[in-house]
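Open the model in your viewer and keep the sequence panel beside it. The stops below say what to select and what is there.

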Amino acid sequence: TKMKRRQTVRKMWKFVKRHTPLPSDDTAAEEKDELVDLGSRRETKEGELSLRNVNLLELSHKEAQDLIEEISKGKRLTESSLEKLFDAAEIALCRDPTLIDLKDREEKISVVGDLHGSLYSLQHALEVIGPIGGIEGRTVIFDGDFVDRGSESLEVICILLLLKLAYPNHVYLLRGNHEDTLVASAYGFHDELIAKYGEDVMDTIWDSVNAVFSALPLGAVTKTAAILHGGIPSTEFTLNDLKNITTEERCAIKTIMSDSQSKVRDIVRGVLWSDPSPRNGIRPNTTRTVGVFFGPDVARDFLINHKLKYLIRGHEVAENGTSSVMLDDDHSVVTVFSQPAYPDGLGTNKGAVLELDSDGNYTSVEFSHCDPPVTCPQAIKASNDQTLLDLRSLLDSRIGKIEDAFRKVAPDGKISTQQWENIMEQKLELPGAPWHELVPALVPKKARRVEGYIEWPVFIKTRGDGTDRVIQNLRANHRM
């Protein structure tokens with residue numbers, strides 16, 4: 001369809017952008033200028049990681065992968081680099097609306113539940129998710145509670161923010177009840193930062209952390225599901241209540257645990273802290289002393305009114321990684337929790353990731369604490385090659401038509417680069433794709449011996465750079 005072709009073209013541009021930064025609007029440029037010199041206030045010590053000269057607001061997939069690999073190996077960002085990451089992430093998060101609207105997305109959507117400072121769980125989740133973005137990639141929603149009660153909250157939040165910066169239109173981070181200045185001070189993240197950076201820099205770092213927390217959107221909606229961290233705060237609540245909360249209003253709420261009262265705070269408090277109950281109606285959440293219990297009647301009416309099938313949430317441990325409360329034959333409340341053996345390897349529960357297919361139906365993929373996960377870098381790397389993989393796969397499927405077109409235009413075997421670009425655009429039906437920039441990735445050097453021309457028989461024979469071992473291995477393993 002035309003829509004899918006437009007989406008593919010946008011993804012081609014994203015692939016090219018990894019290698020050649022493209023010009024952007026003045027506002028974004030001003031934001032980048034403000035961040036460019038941060039992260040270089042002192043010399044980097046051994047075991048530290050600096051973001052000096054890294055443009056985080058134009059972070060490529062490859063740069064993100066390299067940084068994630070270093071963090072996964074135990075390297076720690078310098079204090080100034082950590083502030084730089086938080087500042088850039090705050091800008092990126094503020095660009096998202098309070099309610100993320102994904103109703104028109106055709107790709108698969110994965111939902112990750114509570115991670116609670118477990119790098120192991122994040123690695124598992126990324127392994128399950130596979131490639132992010134790309135023609136056949138997917139969108140991912142991380143449904144809050146990234147920090148606290150685990151010993152690697154810093155690593156988890158840094159990796160998630162790097163993913164958001166590298167995949168701004170395919171990775172969405174939602175606020176959980178632990179992304180709160182008072183809660184995170186009480187349940188471990190604040191102490192973890194002190195242990196890793198010392199008390200003398202905590203004031204500045206903690207301010208940056210809380211700016212990120214408060215910038216996080218509060219919910220998402222797909223064609224079949226509403227995704228919130230906790231649940232429904234009242235019988236009158238609608239998704240428009242979230243949609244109408246401005247960026248400025250949500251960013252002003254550093255904690256919802258204070259005595260300050262307002263309509264917006266009440267909504268946020270209920271969305272982040274509430275739980276489902278088998279008892280009909282709305283009543284105070286006496287277990288948590290914050291938020292409410294909402295009954296099956298409330299959840300069913302909410303879903304029917306919004307023409308949705310599922311309310312997907314986190315916030316509670318699910319023994320099998322997910323749990324589902326059927327409201328009737330067509331509607332259900334689904335809880336997903338992505339840290340197995342919670343808390344921090346001591347429990348018995350499984351972790352899981354929910355996957356919504358292109359029709360909006362969900363399945364769950366479970367994993368246990370004893371399953372050996374791939375590393376974060378291994379999981380992320382697949383997404384870096386996915387766009388090129390998919391483009392080559394599409395090229396292979398139409399290679400006969402492309403060869404016929406080449407032969408008709410240039411029977412002598414030598415075609416101009418411009419002619420090559422025109423034929424690729426026509427035969428692959430991807431007008432507007434950055435074909436000129438894609439030449440080095442698709443056409444081997446031995447087919448480009450004369451500048452401005454391509455020896456098309458060589459291109460047809462090799463169809464890509466034979467030295468690309470990643471591509472070869474993936475093809476050999478039938479993972480196209």
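Begin with strand S7 (residues 219-221) and strand S8 (residues 225-227), which pair in the antiparallel sense over two bridges. Helices (H or I, at least four residues) and strands (E, at least two) are DSSP runs, numbered from the N terminus. Two strands pair if DSSP finds at least two bridges between them. Select Val221 next: its bridge partner in S8 is Ala226.

Some notes on the model before moving on. This is a predicted model, with residues numbered from 1 along each chain as its sequence is written. Local features need pLDDT of at least 70, side-chain atom pairs count only at pLDDT 80 or more, totals for chains, interfaces and linings use all residues, and side-chain values use heavy atoms, with hydrogens and water left out.

Now widen the selection to the sheet. Six strands form an open sheet with mixed pairing, in the order S3-S7-S8-S12-S14-S13. Its edge strands are S3 (99-101) and S13, each of which pairs on one side only. On average, neighbouring strands of this sheet are turned by 20° against each other, direction ignored; axes are lines fitted to C-alpha atoms, for helices over the stretch in contact, and angles run from 0 to 180 degrees between N-to-C directions.

Is Thr322 buried or exposed? Thr322 counts as buried because its relative accessibility is 16%; buried means under 20% relative accessible area, exposed over 50%, and partly exposed in between (1.4 Å probe, protein chains only). Leaving aside neighbours within four places in sequence, Thr322 is in contact (heavy atoms within 4.5 Å) with Thr335, Val336, Ala352, Leu354 and Ser364.

Next, select Lys309, in the loop between helix H13 (296-305) and strand S12 (310-313). Lys309 counts as partly exposed because its relative accessibility is 29%. Beyond four places in sequence, the contacts of Lys309 include Thr224, Leu303 and His331. Asp330 is another contact of Lys309; the two are 21 residues apart in sequence and 6.2 Å apart in space, C-alpha to C-alpha.

Show side chains for Lys309 and Asn361: they make a polar contact at 2.7 Å. A polar contact is a pair of N or O atoms within 3.5 Å; within protein, one must be able to donate a hydrogen and the other to accept it, and residues adjacent in sequence count only if both atoms are side-chain atoms.

Finally, zoom out. The protein has 20 helices and 18 strands, and buried residues make up 56% of its 480 residues.
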